[in-house]
Amino acid sequence: MRRALLLALMLGGCGREPSDVVADSAGARLEAAAETAGIVPDPNAPLQGSWARDTDRVCVVGTDKIARIGVSVDYGEAQGCTASGTVERSGDALKVAFGMCKFDAKFDGDRIVFPADMTQACESLCTGRASLAALTVDRISGSRSEASTLRSSAGKLLCAN
């Protein structure tokens, strides 16, 4: 199975027309073929859209460099987190700021992952035993209009201007 996958990736990279000398390497063609086939995520994918896992929701609206971000975590029984702020992207690194709550998150094209350790400023955005620590969400939509509709449990729009 591994051999077949490797062969498919290698052959998929053949025949692509590279745009410059760096892209002409076998490794670059192999990586491009793997991204096209969906085997590895595209790190250059747009950040904007809706993201979710279980009851955790994240919205991102704006340009790839700086955008609005909102998060809603709702575990019921007065346990949840709600925040909105800005996110600045640099490659696969995200600088998130929810007011005084600031941290670096990771983006791999298909997933956003918050760090496991959060400051007290970030924990104050949550009630009960809920936390933003290690929040992981997967892309569900690239639609700006859909992402703009995410609301907190109190009805506040989290990514609207």
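User: Where is S152 found?

Analyst: S152 is found in the segment after α4 (144-147), helices being DSSP runs of H or I with at least four residues and strands runs of E with at least two, numbered from the N terminus. This is a predicted model, in which local features need pLDDT of at least 70, side-chain atom pairs count only at pLDDT 80 or more, and totals for chains, interfaces and linings use all residues. Residues are numbered from 1 along each chain as its sequence is written, and side-chain values use heavy atoms, with hydrogens and water left out.

User: Why is S152 called buried?

Analyst: Its relative accessible area is 10%. Buried means under 20%, exposed over 50%, and partly exposed in between (1.4 Å probe, protein chains only); therefore S152 is buried.

User: Which residues is S152 in contact with, leaving aside neighbours within four places in sequence?

Analyst: They are T82 and L158, contact meaning heavy atoms within 4.5 Å.

User: What makes D54 exposed, and where does D54 lie?

Analyst: D54 has a relative accessible area of 67%, so it is exposed. D54 lies in the loop between β1 (49-53) and β2 (56-62), and has a positive phi of about 55° although it is not a glycine.

User: Why is A78 called exposed?

Analyst: The relative accessible area of A78 is 64%, and therefore A78 is exposed. A78 is placed in the loop between β3 (66-74) and β4; its phi is near 60°, a positive value in a residue other than glycine.

User: How do you know whether S90 is buried or exposed?

Analyst: S90 has a relative accessible area of 51%, so S90 is exposed. S90 is found in strand β4 (residues 80-90).
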